[in-house]
Amino acid sequence: MENESLKNLAIKELLLQLADDDFIHAYRGSEWLGLAPHIEEDVASSSIAQDTMGHAVIYYKLLEEIGEGTADWLAHDRQAHERRNAIILEAANGPGHYMKDPDYDWAFAVVRNYFYTQAKAIRIQSLQSSSYAPLAEVAQKVQMELYYHLMHWKVWFVQLLGSGHKEAVSRMKTAIEKTLPDFAGIFSLGQFGEEMVEQGLIEGEAAIQKKWIDAVTPIFESVGVATTFEIGMEKGDGRNGVHTEDLKTALDTLSEVYASDKAASW
Amino acid sequence: MEPRQEAYFEEFEVFSRKTKSAPVQYHYSLLAPNEDIAIMMAQENFMRREAVDDIWIVKRQNIRKMTADEKKTLQRMDNKDYRTTKGYGYLKKKWRKYEQDMLDEKEIMSWAGGVKNGE
Amino acid sequence: MNVLLNEMAEQEKLKHFIARIDAGEKIEADDWMPEDYRGTLIKLISMHGISEIMGALPEKEWVPKAPTLNRKLGIMAKVQDEMGHGQLLLRVVEDLLRPFAKKREDLMQDLFNGDLKFHNVFHMEAKTWGDAGLIGWLVDGAAIISQTNMLGASYGPYSRALHRICAEEVFHAQHGEAIIMALAEGTKEQRKLVQDSIDYWWESLLLFFGPPSKKEVGSSKQDVTIRYKIRTSTNEELRQAFFSKYVKRILSLGYTIPDETLRFDEESKTWIYQQPDWSKLKVLARNEGPRSQDRLKLRRISYENNKWVREALAPKVI
């Protein structure tokens with residue numbers, strides 16, 4: 001009995017991690033609308049933000065099915081400390097606000113998007129053989145859309161880091177140095193991680209992190225940039241409800257209308 | 001001196017086909033700094049609501065179009081029945097005399113996948 | 001003698017051009033066209049295109065705030081389409097601008113300088129979620145009326161872009177209707193959001209179609225666009241069509257229109273209405289509307305911030 005409830009808890013936690021990661025990542029993507037380096041890219045990257053939010057919806061629906069509340073409630077009505085996303089994904093796109101003086105950094109967008117998409121692709125691969133059948137099924141579908149997302153961000157990453165343009169290379173390196181120290185938060189499975197692995201829900205943190213390093217290393221090499229991958233969790237583990245001010249601000253914005261009348265139908 | 005920015009915006013023409021057997025069709029054009037970025041932009045800019053099997057992008061400067069004068073060369077008279085089956089329709093009557101069906105286009109194309117043996 | 005010959009040739013070309021238009025043929029980018037035709041198209045389509053880009057901004061403000069997952073996805077897709085329409089239209093203009101060696105960055109500079117105008121509605125504030133819905137419902141509704149009017153435009157590339165745009169606008173209008181319908185059938189506060197939006201936007205919707213004639217603002221492009229078969233109806237005819245399609249819908253949801261004089265006159269078969277303050281169009285054209293400068297600033301910041309990306313990827317040969 002206790003085992004059963006522990007397993008259910010692990011399933012719930014994993015689904016929350018997957019859903020919250022994609023949800024906040026798509027939210028950050030949606031703030032970029034209208035602000036990308038050129039119009040064609042604005043249109044193309046918006047599709048990725050939409051797809052990603054679509055993935056979050058699928059995970060929230062799985063949670064809804066096991067009685068954790070409606071998808072809309074899960075997305076809009078949980079406090080920061082209840083959220084399970086990795087901290088690196090909640091970080092603001094840059095100083096300023098999406099409506100006023102958005103000093104957004106395309107280099108950070110490209111680096112975070114590429115790193116996360118690559119990690120997501122590996123995680124989805126692993127989830128396809130999850131012992132939790134509904135999740136394994138969903139993972140097969142989500143995987144289809146990741147080919148494009150990954151190609152898209154990889155091209156930007158390679159072209160900008162490999163451009164030989166002084167400012168571009170320096171901005172990209174700064175963005176990499178900003179992303180890696182918190183990137184372990186993506187691989188973390190949180191306090192119920194052991195249970196998740198034991199139950200065969202997903203592969204362990206170390207295995208996924210290794211696959212990620214194996215996947216991105218040749219990309220760095222292809223543009224002649226050396227890196228030691230100092231991956232950490234400096235700001236804490238979002239999987240355990242530790243979050244920054246950036247998430248609180250984002251939650252206030254994304255739930256503003258919803259919170260004006262939670263019982264209403266919108 | 002500041003580098004010329006214009007160069008970031010190269011013109012690419014976008015083509016695609018819906019299925020493996022469909023003809024490639026022209027869509028619209030887009031601006032991108034190079035082929036790899038152009039091909040990444042193409043689907044989501046022009047085909048985000050429709051099925052697509054393949055996408056081609058071509059730098060506009062590599063497409064040689066016809067000038068207005070050259071387009072005049074496309075006109076021709078309507079006197080070339082000898083090039084088409086239309087000029088040989090009379091054979092049907094001839095064959096009938098010999099109690100044979102004419103092997104017309106419909107008949108011949110129906111042989112795809114094998115001819116049924118028999119008298 | 002040569003000059004005379006060239007002039008003759010020009011006359012000949014113009015005659016041929018008018019004959020093609022009259023026969024319903026489409027003019028293509030590489031075809032010969034009279035300068036005022038090109039000039040009119042450039043003015044019209046660059047304003048249309050940049051208005052799509054600027055028009056993405058008021059709704060973009062509501063994208064992160066949309067109240068449900070489904071609404072978040074819908075409005076993201078809608079704003080994406082607006083940018084996409086801007087892309088299609090700017091490409092059409094950029095090809096028309098080739099003889100002047102002007103490109104997209106020149107259009108952006110024109111926008112920043114205030115030389116390139118954008119539609120009046122996109123200078124206004126989108127203060128509430130009700131406004132986000134109303135933009136989709138009525139502003140896009142108005143846009144559909146004016147754009148479908150040009151579907152048969154004599155300029156082929158514009159006509160083709162419009163066909164695609166109008167097909168997507170149908171989704172936009174329904175997206176807006178869905179937001180409005182939920183609010184209209186909702187709580188007292190939700191219902192009020194819609195009424196407030198109608199009250200705020202009504203005058204802008206009338207201004208959107210442009211003045212009935214030259215005398216309201218001093219100039220009007222409508223005669224030349226009709227002569228060259230770029231569009232078929234006058235500004236006033238389009239505004240009347242808007243009343244015919246939308247007034248009864250607004251009223252059917254139990255809302256009022258902030259114009260007590262508005263009525264359909266059976267005898268003249270026209271809508272009688274309170275004229276908007278036409279001088280506001282001039283104020284907006286000077287980018288002095290409630291949100292003109294903020295939105296221009298947003299565009300300028302994103303353009304400047306990403307300058308390094310464009311520089312880094314520019315092919316080195318040039």
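Mentor: The radius of gyration is taken over C-alpha atoms, and the globule rule sets it at 2.2 Å times the number of residues to the power 0.38. Keep in mind throughout that this is a predicted model, with an ipTM of 0.96 and a pTM of 0.93.

Trainee: What radius of gyration does chain B have, and what would a compact globule of 119 residues have?

Mentor: A compact globule of 119 residues would come out near 14 Å, but chain B has 25 Å. The box that the C-alpha atoms of chain B fill, taken along the principal axes, is roughly 85 × 40 × 20 Å.

Trainee: How does chain A, with 266 residues, stand against the globule rule?

Mentor: Chain A has a radius of gyration of 18 Å, which agrees with the rule because a compact globule of 266 residues would also be near 18 Å. Its C-alpha atoms fill a box of roughly 60 × 45 × 35 Å along the principal axes, and 52% of the residues of chain A are buried.

Trainee: How should I read contacts along the sequence, and what share of them in chain B joins residues at least 24 apart?

Mentor: The idea is to take the contacts between residues at least 6 apart in sequence and ask what part of them joins residues at least 24 apart; in chain B that part is 38%. In chain A, residues 24 or more positions apart account for 76% of the contacts with a separation of 6 or more.

Trainee: Which elements make up chain A and chain B?

Mentor: Chain A has 11 helices and zero strands, whereas chain B has four helices and three strands. Read from the N terminus, the elements of chain B follow the order β-β-α-β-α-α-α.

Trainee: In which sense does strand β1 of chain B pair with strand β2 of chain B, parallel or antiparallel?

Mentor: Strand pairing is read from bridges, and here six of them join β1 (residues 10–17) to β2 (residues 25–32) of chain B, the two strands running antiparallel. Within that pair, Glu10(B) stands opposite Ala32(B) of β2(B). Strand β1(B) also pairs with β3 (residues 54–59) of chain B, in the antiparallel sense and over six bridges, and there Glu13(B) has Val58(B) as its bridge partner.

Trainee: How many residues does each chain bring to the contact of chain A with chain C?

Mentor: An interface can be read by counting residues on each side, and this one takes 44 residues from chain A and 40 residues from chain C. On the side of chain A, the helices that each supply at least two residues include α1 (2–31), α2 (39–65), α6 (133–161) and α7 (166–187). The largest share, 11 residues, comes from α2(A). Sorted by class, the side of chain A that touches chain C holds 23 nonpolar, 11 polar and 10 charged residues.

Trainee: How far can I rely on chain C, and which of its elements has the lowest mean pLDDT?

Mentor: Confidence is read residue by residue and then averaged; the mean pLDDT of chain C is 93, with 95% of its residues at 70 or more. Among the elements of chain C, helix α8 (residues 214–217) has the lowest mean, 70, while helix α7 (residues 188–208) has the highest, 98.

Trainee: Where is Ala101(C) found, and is it buried or exposed?

Mentor: Ala101(C) is found in the loop between α3 and α4 (104–113) of chain C, and its phi is positive, near 55°. Ala101(C) is exposed, because 8 other C-beta atoms are within 10 Å.

Methods. Residues are numbered from 1 along each chain as its sequence is written. Chains are lettered from A and ligands numbered from 1 in the order in which they are written. This is a predicted model: local features need pLDDT of at least 70, side-chain atom pairs count only at pLDDT 80 or more; totals for chains, interfaces and linings use all residues. Two residues are in contact if their C-beta atoms, placed from the backbone, lie within 7 Å. A residue is buried if 20 or more other C-beta atoms lie within 10 Å of its own, exposed if 12 or fewer, and partly exposed in between; C-beta atoms are placed from the backbone. pLDDT is the predictor's confidence in each residue, from 0 to 100. Two strands pair if DSSP finds at least two bridges between them. Ala, Val, Leu, Ile, Met, Phe, Trp, Tyr, Cys and Pro count as nonpolar, Asp, Glu, Lys and Arg as charged, and the others, Gly among them, as polar.
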